[in-house]
Amino acid sequence: MRDIRTALVMVDAGDERWSWELQGEPLVHRVHRILEAFFDEVLLVTPEPGPFQAMGYKTLADERPDAGLLGAIATGLKHIPSHYAAVVGADMPFLHPRVLRHLYTLRSGWDVVVPRGPRGFEPLCAVYSKACVAPMEERIARGNLKVLDFISDVRTRIVNGEDLLALDPQGLTFRNVSSRTDLDECRLYLARLRGYGPPAVSFVAKSGTGKTTLLEKVIAELTRRGYRVGTIKHDAHRFEIDHEGKDSWRLTRAGASPMVISSAEKLAMVHPNARGEMTLEEIIYRFMTEADIVLTEGYKTGGLPKIEVHRSARSPELLCAAPDGTLRDHRLIAVVSDHPWNLPVPVLPLDHPGPVCDFLEERYLAGA
């Protein structure tokens with residue numbers, strides 16, 4: 001069996017909490033985004049896969065929706081390509097990647113690795129093996145559907161919450177959103193924290209579509225409305241701003257990192273990527289915390305929410321959605337086009353920044 005790191009997200013399609021938003025991002029997408037930074041395969045287990053497939057997620061249909069969480073976990077474990085899977089809930093917005101990685105590294109020799117936090121055992125932030133399927137099905141047949149009763153049937157490693165504090169000092173990993181009050185508290189926490197950075201959106205398009213022109217107009221209009229807009233341009237090629245022979249080039253070559261050039265009009269930083277290209281998130285968190293919103297150009301495969309810019313004369317097809325309207329990328333939040341697409345996301349007019357700015361303002365900047 002191939003060594004594939006798999007994560008399963010438990011989603012009840014009839015429970016609207018998965019669609020509640022933090023910083024303009026549905027909870028299920030937030031959880032998915034956190035997981036895909038480490039796991040090779042992220043699958044949603046749900047009784048109704050259709051709506052989630054239409055949004056671009058990989059799904060598994062819960063074979064035993066009458067068996068609650070135990071049946072959903074058993075379904076996922078039966079069909080995954082790996083022996084182990086991390087299992088989480090779709091309403092856990094502060095899952096910490098380091099905690100999940102740590103739990104996953106402890107899996108060898110165990111059927112279940114489950115943390116015990118301040119509220120007790122956390123079966124929806126745990127690692128399970130395929131060896132759990134048979135005993136789970138036996139319990140389901142007997143009508144005992146409690147996951148916490150089940151873990152006594154298998155080889156279970158319990159990880160105390162105190163051992164995880166070094167990885168997640170604020171202890172937020174196990175926090176779930178069970179009510180609108182919880183959601184408001186999470187929003188308040190993020191607003192105070194700000195270390196998570198401002199909201200960020202990637203504008204993506206095929207070359208020659210006019211993406212930069214539109215982005216230029218959007219930035220100008222948002223700035224006119226009083227917002228501070230940070231921008232990140234992805235360059236697939238090498239570029240230089242400190243040219244050979246210049247003082248800045250000499251200082252960088254000598255080993256300065258970072259090297260800053262400052263004048264009365266502007267400031268520029270040269271920060272060699274000695275350890276490889278920074279992630280979008282790292283750039284935002286390190287350099288753009290004072291912005292109200294960050295707009296990026298490019299990053300087609302990145303994890304940020306995406307707005308696709310499309311022009312019919314350039315291409316008859318979209319990057320992020322199929323001709324029938326099914327999303328190829330669940331990160332797509334809007335399309336800006338001169339074609340009247342029938343999509344599950346807003347379609348905004350091309351070459352007119354106002355509606356795009358209205359969309360961004362309503363979704364991300366209310367109260368900024």
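This is a predicted model: local features need pLDDT of at least 70, side-chain atom pairs count only at pLDDT 80 or more; totals for chains, interfaces and linings use all residues.
I started with C132, which counts as buried at 0% relative accessibility; buried is under 20% relative accessible area, exposed over 50%, partly exposed in between (1.4 Å probe, protein chains only). The closest cysteine sulfur to that of C132 is in C125, 16 Å away, too far for a bond. A disulfide would need a pair of cysteine sulfur atoms within 2.5 Å. My disulfide count: zero.

Residues are numbered from 1 along each chain as its sequence is written, and side-chain values use heavy atoms, with hydrogens and water left out.

Next, the cores. I took a nonpolar core as a set of buried Ala, Val, Leu, Ile, Met, Phe, Trp, Tyr and Cys residues joined through side-chain atoms within 4.5 Å. The largest has 32 residues, and V9, V11, L35, F39 and L95 touch the most other members. At least two residues each come from β1 (6-10), α1 (27-36), β4 (41-46), β6 (84-89), α4 (97-105) and β9 (125-129); helices (H or I, at least four residues) and strands (E, at least two) are DSSP runs, numbered from the N terminus. A second, separate core of 26 residues includes V45, A67, V112 and I140.

What does V9 touch, beyond residues up to four places away in sequence? I listed V31, L35, V42, L43, L44, V45, V88, G89 and A90, with contact meaning heavy atoms within 4.5 Å.

I then looked at α1, where nine of the 10 residues are buried, so the helix is largely enclosed by the rest of the structure. Among them are H29, R30, H32 and R33. R33 forms a salt bridge with E25, closest N and O 2.8 Å apart, and both residues are buried. My salt bridge rule was a side-chain nitrogen of Lys or Arg within 4 Å of a carboxyl oxygen of Asp or Glu, and it gives 25 of them.

D292 and R228 make another, at 3.0 Å, N to O. That pair links distant parts of the chain, 64 residues apart: D292 sits in the loop between α10 and β15 (293-297), R228 in the loop between α8 (211-224) and β12 (229-233). D292 is buried at 13%. I also found a salt-bridge network linking E221, R224, R225, D358 and E361.
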